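Me: I've just opened this one and could use a hand finding my way around. Can we go through it together?

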Amino acid sequence: MNWHLLDISEVLTGLRSDIASGLSTADASSRLLQHGPNELLDRGGKSPWRILWEQFTSIMALILTGAALISALVGSLKDCIAIMAIVCLFALLGFFQEYRAERTIRALKRLAIPSVKVRRDGMILEIPSVDLVPGDVVFLEAGNIVPADCRVAESYNLRIQESVLTGEAEAVDKCTTVIGNEAGSLGERRNMAFMGTTVTYGRGLVLVVETGMSTELGKIADMLQGMADESTPLQRRLDRLGKLLAVVAIAVSALYFVFGLLRGEELRLLLMTAVSLAVAAIPEGLPAVVTITLAIGSQRMLKRQALIRKLPAVETLGSVTVICSDKTGTLTENCMTVTELIPVPPYSSDQLLLASALCNDAVASYENGRPLIVGEPTENALLAAAAEAGIFKKELEELFPRSAEIPFDSSTKRMITLHSVTQAGSRHLLASSAGLSEGKRFIVAKGALDALLPFCRGEESLLQQTISDAEKLAAQGRRVLACAGRILGVDESFDLETVPQQMELIGLIAMMDPPRGEARSAVSKCLQAGIRPVMITGDHPLTASSIAQSLGIAGNDSVMTGAELDRIGVDGLAVASGHVLVYARVSPEHKLLIVDALKKSGEVVAMTGDGVNDAPALKKADIGISMGITGTDVAKEAADMVLLDDNFATIVSAVEEGRTIYDNIRKFIEFSVAGNLGKILAVLILPFLGLPSPLTPLQLLWLNLLTDGLLGLGMGVERAEPDVMRRSPVSPSSQIFDRRMLRHTLLTGGVIGLTTIIITLHHRDFHPGTWQTMLFTSLAFAQIGQAMALRSFSYSFFKVGFFSNPLLLGMVCLVLLLQTLVISVPTFQDFFSTTTIGLESLAWVFVPGIAVFIVLEIEKCLVGRKPAVTG
C-alpha cells in the first residue's frame with residue numbers, strides 16, 4: 001500500500017490506531033498472530049546431503065562408477081577399488097567447494113534492533129522489536145535504528161540516514177505531509193521511515209505500517225531468497241565439455257566392444273579394454289585441478305586486496321563485459337566535500353566559511369590541527385572546509401557565542417542562529433572587517449538560496465548573478481547552499497517565530513560527494529580492456545551525470561532515470577541497456593531489471609555495491625562485488641568478491657588475474673584432453689596390432705592423476721600472458737575448444753599416440769616383456785614436454801623463461817621420481833603390473849615428450865602470435 005500518499009489521519013483510520021493511546025495490549029497480540037513476528041524469514045537453501053548426492057550423480061562420476069562395477073564383475077577388484085576411490089575423492093572435493101552456508105538473511109536480521117519504545121494502552125513501553133505490529137506508535141530519536149516501515153506522524157528535525165536502502169550518503173529530512181508522487185523512489189518518500197535505516201538527528205513519532213517480510217528490507221530479503229544461484233560461464237562451458245567427453249568415452253568403448261565381439265575376442269578381455277578406454281577418455285583430474293587453480297588464484301587476488309567468496313568468481317572476472325557500479329562509496333568518496341566558494345561582494349571566502357561554521361550544529365574537536373567532526377554530512381563538510389582555512393568552530397563558539405536559533409526545518413529549508421560578540425571576538429580579523437564590535441549581536445542564516453533570497457537585500461545585479469551561479473552549479477550536479485546575515489540594532493529584538501528581514505547575502509557554497517582519486521584511471525583501464533562501465537545510483541540525474549562525465553564514463557545523452565525505465569518497460573530496457581551508461585533515481589527492483597536486461601543481451605555482468613539495496617543485484621549478476629570497508633554485511637554475503645580496500649581500481653587487477661586464470665584453465669583442459677587422446681589412440685590401436693589390453697584401468701588412472709593432477713597443478717599457476725589486458729573479454733557464447741585449440745589437441749594427441757605406439761611395437765619385437773611398461777612410462781613422460789610447450793599459447797617456451805614457473809618445474813621432477821619408483825621398486829611393480837627396464841629403454845621413454853615439445857614450438861612460430869581468446 002502507498003502509505004506515503006495518505007494523510008496521517010487516513011493512515012490511522014486504515015490501521016485502526018490512535019496516536020494518543022496507541023494500540024491496546026489485546027489488539028497488539030491479535031495483530032501479532034495475524035501478521036507474524038517482525039523479523040525476516042530464512043527459507044534455507046540446498047541441504048548438504050543434496051549437494052553430496054549431486055557430486056556422486058554427475059556424468060563423470062556415473063561413468064567411472066559404471067567402469068568400477070564392470071571391473072568388479074570381471075574379477076578385477078583392485079581396479080574397482082581404485083576407480084571408486086577416485087570417484088569418492090573428487091566427490092568430496094566438489095562437495096566442500098559447493099557447500100557454504102546461506103548467511104545473507106542472517107546478516108539482514110542483524111540490522112534489526114532488540115527493543116523499541118512504543119505507546120500501548122496510553123503508556124510508553126519498551127518491547128522487543130519482533131513484537132511490533134502494524135498500527136504501533138513508535139518513538140524514534142538520534143541513534144535509533146528504525147525497527148519497521150513506518151509513516152512519520154510527528155517530526156522534530158528528524159533526519160534519517162537511508163544509504164543502506166537508497167545508496168545515498170545524505171541524510172533525509174523527514175516530514176509529516178503527504179508526498180504526492182506515486183512513482184517516487186524510496187529516497188523521495190520523506191514522510192516514511194524504513195526498517196534498517198538509522199536516525200542521525202532529531203526525534204519523531206512514527207506509526208508502524210509494515211513489518212517483517214512486508215517491509216522494504218523484507219522485499220529485498222525475499223528477492224534474495226527467490227533467486228537461484230546461476231552457473232558461471234566457466235561452469236557452463238565445463239558442463240558442455242564434460243557431456244561431450246562422456247559421449248566420446250561411451251561411444252569409443254561401445255564401438256570397441258562391438259567390434260571385439262564381432263572378431264570373436266574373449267568377453268572378459270573386451271570388457272577390461274572397454275573400461276580402460278572409458279577411464280582414458282574421462283579427465284578425472286579436471287574438477288580437482290580447476291578447483292585448486294581457482295583457489296590458488298583467489299589467494300593471489302587476496303594479496304591484491306580482492307577477497308574471493310565463491311571460487312568460480314575468479315574465472316568469471318576474466319569474462320566480464322559490463323561493470324555496473326553504484327556511485328556513492330564505490331566511485332565516490334561517500335563524504336560530502338566543499339568544492340567551490342562564491343562570496344558576494346563585499347564579503348570574502350573566509351567570512352563565508354565563518355558564517356557556515358557558526359550556523360552549524362555539527363560537533364568538532366581537533367587533534368594535531370586535524371578536525372574530528374560528528375554531525376550531518378553537509379554540516380561536516382562545512383566545518384572541514386572552514387578548518388582547512390584555519391577557522392575552527394570551538395574557537396568561534398567562544399568568540400561569538402550562540403544565544404538563540406531557529407533550527408533547520410525541511411519545510412523552510414533554512415537555519416538561523418543569533419550570536420553576540422565578545423571582547424576577544426571584536427578583535428578577530430574577520431569580525432572587525434565586517435564591523436562587529438564588542439557587545440553587538442548578529443544573525444547568520446544558512447539554507448537553500450530560494451529559501452533565503454526573499455529575506456535579503458542588495459543590488460539587483462549581484463543577486464541575479466548569484467542566482468545564475470547557483471543554477472550553473474546545480475546543473476553540474478553540485479549541492480548549493482547560501483549563507484546570509486545581518487548585524488542587529490541595539491534595541492532590535494530577535495523573534496524565534498519570524499525570519500529576520502533585510503539580510504545581506506554572504507555567498508554560495510557548492511558541495512558534492514567527489515569521485516575517488518583512482519576511479520578515473522580505473523575506468524580508463526576498463527575501457528582499454530573492452531569492459532563497459534555502467535553507473536547505477538539513486539541520486540539525482542544531474543549529479544550522476546556530472547560524476548560520470550568526470551570519470552569518463554558517459555555524457556548527458558546516456559542517462560536514464562528510474563521513472564523513464566518504468567515508462568519504457570522491460571522490452572524498452574532490453575534495447576536501451578545497450579547504450580545507456582548512467583541510471584539515476586533507481587530502486588533495488590530497477591537494479592535487478594538492469595542487470596537482467598544486460599545478461600539477456602549476452603553480457604557478462606559484474607555489479608559493485610555496498611548497501612542493502614545492492615544485495616539482490618549483486619546476487620543476480622554473474623559476479624557481485626561488495627565493498628569491504630563501507631559495505632554492509634548483507635552486501636558482502638550476497639557478493640562473490642569483496643574489495644578489501646574499497647578501491648574500484650582493484651577490480652582492474654582482479655580482472656587481469658581472472659583472465660590469467662581462465663587462460664591457465666584452458667591450457668590445462670587442452671593438456672588433459674590431448675593427453676587422453678594420445679592414450680585412447682594407443683589403447684584402441686595396439687590391440688589390432690596384436691597387443692591385447694595394452695594398459696589396465698589402474699595404470700590409466702595413475703597416468704591421469706600423475707599428469708593431469710601434478711603437472712596440471714603446476715600449469716594452473718602460470719603467470720599472465722603479455723597481451724592479457726589488450727584483448728576483448730571472453731565471449732559468453734564462446735566454446736572452450738576454438739579452432740586453434742582443437743587443432744592443437746588433435747596435433748598433440750596424434751603425436752603422443754603415434755610415438756608411443758612406435759616405441760611399444762619396437763620393444764615388443766626387441767625387448768619382449770617390457771613393452772607394456774614402456775608404453776606406460778612413455779605416456780607419462782610425453783606430457784612433460786606437452787606441459788612445457790603449453791606454458792604459453794603464443795609465446796615460445798624460451799621467451800617465457802625456464803625458471804619463471806618454479807612450481808611446474810617441481811612437479812616435473814616429482815612426476816619423474818614417482819614414475820621411476822613405480823617401474824623400479826618391487827612392491828610398486830607388483831601393484832601396477834610393471835617391470836624393470838634397461839638404460840637403453842629408459843632413453844626411449846623421453847622421445848614422445850621431446851617430439852611433442854618440438855612440434856608445438858614449431859607450430860607457434862608458423863602460426864604467429866595471436867590472442868588465445870577473443871570476444
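Here is a short chat about the overall build and the salt bridges.

Me: What share of the residues in the protein chain is buried?

Reply: Keep in mind that this is a predicted model. The protein chain has 871 residues, with 35 helices and 24 strands. The buried share of those residues is 56%.

Me: How many salt bridges are there?

Reply: Side chains of opposite charge can pair when their charged atoms come close. The protein chain carries 76 positive and 90 negative charges. A pair counts when a side-chain nitrogen of Lys or Arg is within 4 Å of a carboxyl oxygen of Asp or Glu. By this rule, the count is 29.

Me: How many residues apart in sequence are the parts that R304 and E656 tie together?

Reply: These two side chains form a salt bridge, at 3.8 Å from N to O. R304 sits in the loop between α11 and β8, while E656 belongs to helix α27, so the parts they tie together are apart in sequence by 352 residues.

Me: Which residues are linked with R304 and E656 in a network of salt bridges?

Reply: R304 is partly exposed at 34% relative accessible area, and E656 is partly exposed too, at 28%. Their network of salt bridges also takes in R300 and E657.

Me: Is E859 buried or partly exposed?

Reply: E859 pairs with R743, their closest N and O atoms being 2.8 Å apart. R743 is partly exposed, with a relative accessible area of 36%. Buried means under 20%, and E859 has 10%, so E859 is buried.

Technical notes: Residues are numbered from 1 along each chain as its sequence is written. This is a predicted model: local features need pLDDT of at least 70, side-chain atom pairs count only at pLDDT 80 or more; totals for chains, interfaces and linings use all residues. Side-chain values use heavy atoms; hydrogens and water are left out. Helices (H or I, at least four residues) and strands (E, at least two) are DSSP runs, numbered from the N terminus. Buried means under 20% relative accessible area, exposed over 50%, partly exposed in between (1.4 Å probe, protein chains only). Lys and Arg count as positive and Asp and Glu as negative; His and the chain ends are not counted. The place of a charge is taken as NZ of Lys, CZ of Arg, CG of Asp or CD of Glu.
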